[in-house]
Amino acid sequence: MPNAKKETLKKQFHLETKSPLFRQALDFCERVADSQANVLLTGESGCGKEIASRYIHACGKRSSQNFVAVNCSAFTETLLESELFGHEQGSFTGASKTHTGKFELSNHGTLFLDEIGDLSLTTQIKLLRALETKQIERIGSNTKREIDFQLITATNQDLPEKIRNREFREDFFYRISTIVIKIPALRQRKEDLPELISFFFKKIQKENNITIRGLESAVKDFLFSYDYPGNIRELRNIIERMVILSKDGVVTEEALPTLYNIGAAPEEHASDAFSTIIPWKEYKRKSESEYLIYVLKQLNGNVAEASRRLGISSRQIFNKIQEYNLR
């Protein structure tokens, strides 16, 4: 594919990057786009796996055909089978009309199955057969229908671990993972934060008809130092909060997000609860971490208020959150 087209598509999908790690992932996406290989995208929730799947489709020879996406966790086992394979009218109670399944709709195009790790073992067997034979039958029909599509699946789960726990079929795993592409977490490509932050601020200001004239320094510190465990999705939500809670066009510390799941509740300590002597630095680190967790829990994660109560800057608090790897 010509470089000019690649760059156009990256702009279209907002995939321009300065990160070598993400650039490598996109390069793999481009190289598999014209193949028949089944692709498995892995990575944390919210890191952009569906966008990557759409980029693969757009880069390939199937780009003029349908891209069909299905979230496997959004359906019960029975409904998912009907959603994928389709059904004939009257094939079961409630089947008032014929339904064309996603397999048929994606014929000659791309089928994207998100949250593939949530499939039941029974559904995995049925999908495995369809992938091996390239044929499907609608529920209530004996007619075999030929299908031809590129399969892209995605998960944030550890599928090899699920295989070891007998929660995922090994043969199905190998069928869907001819090519595995890991999409990096946002904290692994912080080089892209300036562009992403700018993009979301412009987009959300336009959506809400709000103009932002400035950000307080603590807000800037947060945006560029936070690790974003929720990835791109969390970044967007945080910026939406900031825009909506801005005052007279300025985003203040008050608009900083509540940080959920900061950590486990601190243990209660009696004055004689020490079991061993540890280095002073280690004790200080442990005590500081637990007290910070306690304070943030008491204040529902309000970093600005914690800063005021503790008499230290918000930036120092964010640095401690990162130093102690608190979530």
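What follows is a set of questions and answers on a predicted model.

Trainee: How many helices and strands does the protein chain have?
Mentor: The model is predicted, and its C-alpha atoms fill a box of roughly 75 × 50 × 40 Å along the principal axes. As for secondary structure, the protein chain has 14 helices and 11 strands.

Trainee: What percentage of the residues in the protein chain are buried?
Mentor: Buried means under 20% relative accessible area. The protein chain has 327 residues, and the buried part of them comes to 44%.

Trainee: Of the contacts with a separation of 6 or more, what share joins residues 24 or more positions apart?
Mentor: A contact here means heavy atoms within 4.5 Å. Among contacts in the protein chain with a separation of 6 or more, residues 24 or more positions apart account for 73%.

Trainee: Which element gives the most residues to the lining of the largest pocket?
Mentor: This pocket has a volume of about 870 Å³. Of its 33 lining residues, the closest to the centre are Phe-13, His-14, Ile-51, Phe-200 and Ile-232. Two or more residues each come from α3 (49-59), α9 (193-208) and α11 (231-244). The one that gives the most, with 6 residues, is α9.

Trainee: How many residues in the lining of the largest pocket are charged?
Mentor: Asp, Glu, Lys and Arg count as charged. The lining has 11 nonpolar and 9 polar residues, and the number of charged ones is 13.

Trainee: Is Ile-51 buried, partly exposed or exposed?
Mentor: Ile-51 is placed in helix α3. Leaving aside neighbours within four places in sequence, Ile-51 is in contact with Phe-13 and Leu-15. Its relative accessible area is 35%, and the range between 20% and 50% has its own class. Ile-51 is therefore partly exposed.

Trainee: Which helix gives the most to the lining of the largest cavity?
Mentor: The count comes to 1 cavity of 30 Å³ or more, and the largest has a volume of about 40 Å³. Its lining is made of Ser-225, Tyr-226, Phe-318, Ile-321 and Gln-322. By class these are 3 nonpolar, 2 polar and no charged residues. The helix that gives the most, with 3 residues at positions within 314-323, is α14.

Trainee: Why does the pair of Phe-222 and Tyr-226 count as stacked?
Mentor: The model has 11 aromatic pairs. In this one the ring centres lie 4.8 Å apart and the planes are at 20 degrees. Planes under 30 degrees apart meet the cut-off, so the pair is stacked.

Trainee: Which residues are linked by ring pairs into a cluster with Phe-222?
Mentor: Phe-222 is buried at 0% relative accessibility, and Tyr-226 is buried at 12%. Tyr-226 also lines the largest cavity, as does Phe-318. The residues linked with Phe-222 are Tyr-226, Tyr-228 and Phe-318.

Trainee: Which residue lies over the face of Phe-22?
Mentor: A charge sits over a ring if it meets a limit of 6 Å from the ring centre and an angle limit as well. Lys-134 has its charged end over the ring of Phe-149, 4.9 Å from the centre. Over the face of Phe-22, at 3.9 Å from the ring centre, lies Arg-189.

Trainee: Is Thr-153 buried or exposed?
Mentor: Thr-153 is found in strand β8 (residues 150-155). Not counting residues up to four places away, Thr-153 touches Val-39, Leu-40, Leu-41, Phe-112, Leu-113, Ile-116 and Ile-176. With a relative accessible area of 0%, Thr-153 is buried.

Trainee: Which residues does Asp-34 contact beyond its neighbours within four places in sequence?
Mentor: Asp-34 is in the loop between α2 (20-32) and β1 (39-42), and at 44% relative accessibility counts as partly exposed. Asp-34 and Cys-59 are 25 residues apart in sequence but 7.7 Å apart in space, C-alpha to C-alpha. The contacts of Asp-34 are Cys-59, Gly-60 and Lys-61.

Terms used. Residues numbered from 1 in each chain as written. Predicted model: local features only at pLDDT ≥ 70, side-chain atom pairs only at ≥ 80, totals over all residues. Heavy atoms only, no water. 1 Å grid on protein atoms, 1.4 Å probe; cavity = no way out; pocket = protein on both sides within 12 Å on 5 of 7 lines; lining within 4 Å. Points joined across faces, edges and corners; volume = space filled by probe spheres on them. Helix = DSSP H or I, 4+ residues; strand = E, 2+ residues; numbered from the N terminus. Phe/Tyr/Trp six-rings, centres within 6.5 Å; stacked < 30°, edge-to-face > 60°. Buried < 20%, exposed > 50% of the residue type's maximum accessible area, 1.4 Å probe, protein only. Lys NZ or Arg CZ within 6 Å of the ring centre and 35° of its normal.
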